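Reader: I am new to protein structures. Please take me through one part of this model closely, and then show me how the rest connects to it.

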Amino acid sequence: AVVSTQSGHYGRGQILLNFVDFIMSENKVYSQNSSGIFQCLVNILKNDGVIAIPTDTIYGLACLATSSTAVDKIYRIKGRDFKKPIAICVSSVDEVGKWGYVYNSDIINDLLPGGITVILKRRPELNSSLNPHINSVGIRVPDYDFVLKLCQMLDGIPLALTSANRSNYPNSVAIDGFKEIWGNIDAIVDGGLLPKSVPSTMVDISGEVTFYISREGREPEKTRRVLSEKYNMKESFR
């Protein structure tokens, strides 16, 4: 499909696109299976847009982690405390080490892909405006083909990814769950009703001998089993 802008340039508001073989409805909802969906989303993302997408856990808000403008927009859409960090999402386990320091790649391969966010010491290559003054970064590799394919089309640029809701509101497993923020999002991808209703488990493995689970979500038992039993790491409770 051919994707083009309506006016030849992008404003700060909604990004309007014309499609051949792909039509966006007035409420900006895209079918996950529509022809041309990936190129359309890539165009939006590369022009500082924010999109809502289904994942292997819940619906998320995403933008390019390299776009400080779009990251700021996500915080404002959610009403999120700017001191709270946002995780990033990459297309494969091999890309994790580009953005965080990995001291044991076997651990990463045992935990990912899936419903776990690993927290690592951040590398200087990561956008300094993303989670400034925090020396770590959460990294996800979802077990969800749609998200992985989208990430693969971004030329190695990670997505900033967080839940699609207002801060402190319930997580969403369907797009109607965050309808109150649709007007501030450039595109909403409808993947139907998701089978999971919990976010990822967040685990800090930036240390070599201890780990800390800062949020229990999906697969906390797997996380503890792998780190404690296979790698003899001790769980820390802060």
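Author: H1 passes H5 in a right-handed crossing. Keep in mind that this is a predicted model. Helix H1 covers residues 37-45, and helix H5 covers residues 145-152. Their axes come within 10 Å. They cross at roughly 55°. In general, two packed helices are described by the angle between their axes and the distance between the axes.

Now look at the side chains. H1 brings Ile 37, Phe 38, Leu 41, Val 42 and Leu 45 to the contact. H5 meets them with Phe 146, Lys 149 and Leu 150. Sort these residues by class: seven are nonpolar, none is polar and one is charged.

Next comes the sheet. Eleven strands form an open sheet with mixed pairing. Their order is S3-S10-S4-S5-S9-S6-S8-S7-S11-S12-S13. Strand S3 (29-31) and strand S13 (234-235) are the edges, and each pairs on one side only. H5 also packs on this sheet. There H5 touches strand S4 (51-53), strand S6 (87-89), strand S9 (159-163) and strand S10 (187-190). The direction of H5 makes about 140° with that of S4.

Another helix packs on the sheet too: H6. H6 touches strand S7 (116-121), S11, S12 and S13. Its direction makes about 170° with that of S12. Strand S11 (residues 201-204) and strand S12 (residues 210-215) pair in the antiparallel sense, over three bridges. Met 202 has Arg 215 in S12 as its bridge partner. In general, strands of a sheet pair through backbone hydrogen bonds, either parallel or antiparallel.

Stay with H6, residues 220-230, and find Lys 222 in it. Lys 222 and Asp 110 are 112 residues apart in sequence. In space, their C-alpha atoms are 9.5 Å apart. A polar atom of the Lys 222 side chain lies 3.5 Å from the backbone oxygen of Asp 110. Leave aside the neighbours within four places in sequence. Lys 222 is then in contact with Asp 110, Leu 111, Pro 113 and Ile 116.

Pro 113 sits in the loop between helix H4 (105-111) and S7.

Finally, go to the loop between S7 and strand S8 (136-140), where His 133 is found. Phi of His 133 is near 70°. That is a positive value in a residue other than glycine.

Conventions. Residues are numbered from 1 along each chain as its sequence is written. This is a predicted model: local features need pLDDT of at least 70, side-chain atom pairs count only at pLDDT 80 or more; totals for chains, interfaces and linings use all residues. Side-chain values use heavy atoms; hydrogens and water are left out. Axes are lines fitted to C-alpha atoms, for helices over the stretch in contact, and angles run from 0 to 180 degrees between N-to-C directions. Helices (H or I, at least four residues) and strands (E, at least two) are DSSP runs, numbered from the N terminus. A crossing is left-handed if the near helix is turned anticlockwise from the far one by less than a right angle, and right-handed if clockwise. Contact means heavy atoms within 4.5 Å. Ala, Val, Leu, Ile, Met, Phe, Trp, Tyr, Cys and Pro count as nonpolar, Asp, Glu, Lys and Arg as charged, and the others, Gly among them, as polar. A polar contact is a pair of N or O atoms within 3.5 Å; within protein, one must be able to donate a hydrogen and the other to accept it, and residues adjacent in sequence count only if both atoms are side-chain atoms. Two strands pair if DSSP finds at least two bridges between them.
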